[in-house]
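Subject: Structure handover

Hi,

Here is the structure for you to look over. My notes follow below it.

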Amino acid sequence: MIRLAVTPKIALADEPLRIQVSGLPPSQLVTLQASLTDEKGVLFCSKAFYWSDKAGEVDLERAAATGGDYAGVQPMGLFQCLKPEKLFHRLMKRDVMQSPFRVRLDVFNSYHMLSSPHDQPAASQTVERWYMAPGVQRVQIRGSRVRGALFLPPGEGPFPGLIDMFGGMGGLIEFRASLLASHGFAALALAYFAYEDLPSCLDEVDLEYFEEAANILLGHPKVGGAGVGVVAICKGAEIALAMATFLPQITATVCINGTSAIHGTVLHYRDLHISPIPYKPECMRLTPLGLLSLSSVFGDTQAEANQGSVIPVEKAQGQILFVVGESDQNYNSKAYAEEVMERMRRHGRKNCTLLSYPGAGHLIEPPGSPFCPSSRSSFFVLPLMWGGEAQPHAAAQEHSWREIQKFLWHHLCPTGSSNL
C-alpha cells in the first residue's frame, strides 16, 4: 500500500515539513501535487515528478525532483512553488486568527500533468498552516489616530516590541506580525492608509503618526526595553528608514527592499519638511507579457537637485538591517541599500548591515510563502512585476527570516529580562 506521511500536520506557516512517500515499487515514477484554496476562492497548485529509490520510497529531504514546477532537492518546493489558477493573484492570509491555510498533498502513480475529477490519487494528506501560535492574543489598536492590530505572545512578558508595515497596497496586513508574535515578539501590524478612517491614498507621510504608534507600544505593560523595532517592506521600508533616522524610540530597523530617499510623497515631522523626489510615470516599462516594471519611475538619488530628499540616515542612533533582492523589479533596492552603506561609511557610522540575495525578487516574505514574481495591485491597471527566480528567492526567504529574528532579538531584548 502506498503511504504518504507529512510531519507535522499542524504547524506554523513558516515551519518546514517533512514529506515522505513509501510502499512504492523500486524505481517508480510518481507525481506529488499540492493544492489549496485561498480566502477568495482562488485555487493554487504545484506539482513535481520523482523516482522512488531502491526501498520504494521518496523522501523530499534527499530526493531530487526531475521536473514539474521545480527540479532538484527542495524539501518545501511544493509549498514554495504554489501557483494561482487565476493569473497574477497573490497568496496572502487575511484572517490569521480563525483559520489556517489547508494544503492538500496528493501522490499519483506515474507522470500526472493535467488533473480531472476522475483522477484518484494513490495517497493523500491534508496539512494545516497557521499564522498564529496557540495563546497569541490579537488586540485591535485605535489610538487617537493610529490604526492597527497588536499581537502579543502568551505569558506576562516583557516582550520585545516592534512595528510591522507593508508598502503601497495599503490596508492592514497582519500575517507577518502574527508570525513574529508566535516567535516571541509583541508585534504591531500598522496600517497607514486605505484602512478604516485613514486616508484612502498616501498623499503625505506624517512621521508623528508613526511616533504615536511607537509610543503606544512602549507604553504597553507587556512590552519591555527602552525602544522598539520596525520591520517593513517597499514604501513601508522607506518610512521605516525615516523613523530610524528621526525617532529616538526606534532602536532596531529592518528595511526589506526599500529606498534611500523620500519618493513621491512629502514627509513631515514637527518642524521638519522633506520634499520628495517626484515619480516619473512616463518611465514605466512594459514586459512582453504586459506587466509593469516600476524600478525606472524613481528619480536619481545621486542627482544634486535631489539631495534634499535623501534621508540623512547617519543621524540614526539604532541599528539598521537592509534585506535586498538583487533581482527586484519594483525598486533598485540593492543600489539604494549600497548608497546608504556608503553614506554611513563616510560619516564613520557602523550601525548598518546589508544582506543581499542574488536571484531574489521584491516580495521577500516568511519562508513557505509561495514565490510571487508578479501580481495585481488595486492602484494599477496592469499587473506589477516583482522579479526574482523561484529557487534562489525561496532560499533568500528562509535565510533572511532567521537573520531578521536574530537581529531583532539581539537589539531589542531588555537587559536582564528573564522572559526574553
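Start with the cysteines. The sulfur of C372 has its closest cysteine sulfur in C81, 13 Å away, which is too far for a bond. Keep in mind that this is a predicted model. C372 counts as buried, because its relative accessibility is 12% and the cut-off for buried is under 20%.

C413 counts as partly exposed, with a relative accessibility of 26%. For the structure as a whole, the number of disulfides is zero. The cut-off behind that is a sulfur pair within 2.5 Å.

Next, the largest pocket. Its volume is about 1,200 Å³. The lining takes in 41 residues. Nearest the centre of the pocket are G168, M169, S377, F379 and L384. Sorted by class, the lining has 22 nonpolar residues, 11 polar ones and eight charged ones.

Then there is T259. Look for T259 in the loop that runs between β17 (250-256) and β18 (266-269). Is T259 buried or exposed? T259 is buried, because its relative accessible area is 3%, and under 20% counts as buried. The side chain of T259 has polar partners. One is the side chain of E238, joined to that of T259 by a polar contact of 3.3 Å. Another is the backbone oxygen of A261, which lies 2.9 Å from a polar side-chain atom of T259. Leaving out residues up to four places away in sequence, T259 touches E238, L241, Y331 and Y336.

Last, L36. This leucine sits in strand β4, residues 29-37. L36 is buried, at a relative accessible area of 4%. Which residues does L36 touch, not counting those up to four places away in sequence? They are V42, L43, F44, L82, L91, F101, R102 and V103. G56 is 20 residues from L36 along the chain, and the C-alpha atoms of L36 and G56 are separated by 28 Å.

Best wishes

Technical notes. Residues numbered from 1 in each chain as written. Predicted model: local features only at pLDDT ≥ 70, side-chain atom pairs only at ≥ 80, totals over all residues. Heavy atoms only, no water. 1 Å grid on protein atoms, 1.4 Å probe; cavity = no way out; pocket = protein on both sides within 12 Å on 5 of 7 lines; lining within 4 Å. Points joined across faces, edges and corners; volume = space filled by probe spheres on them. Nonpolar A, V, L, I, M, F, W, Y, C, P; charged D, E, K, R; others polar. Helix = DSSP H or I, 4+ residues; strand = E, 2+ residues; numbered from the N terminus. Buried < 20%, exposed > 50% of the residue type's maximum accessible area, 1.4 Å probe, protein only. Polar contact = N/O pair within 3.5 Å; in protein donor to acceptor, adjacent residues only side chain to side chain. Contact = heavy atoms within 4.5 Å.
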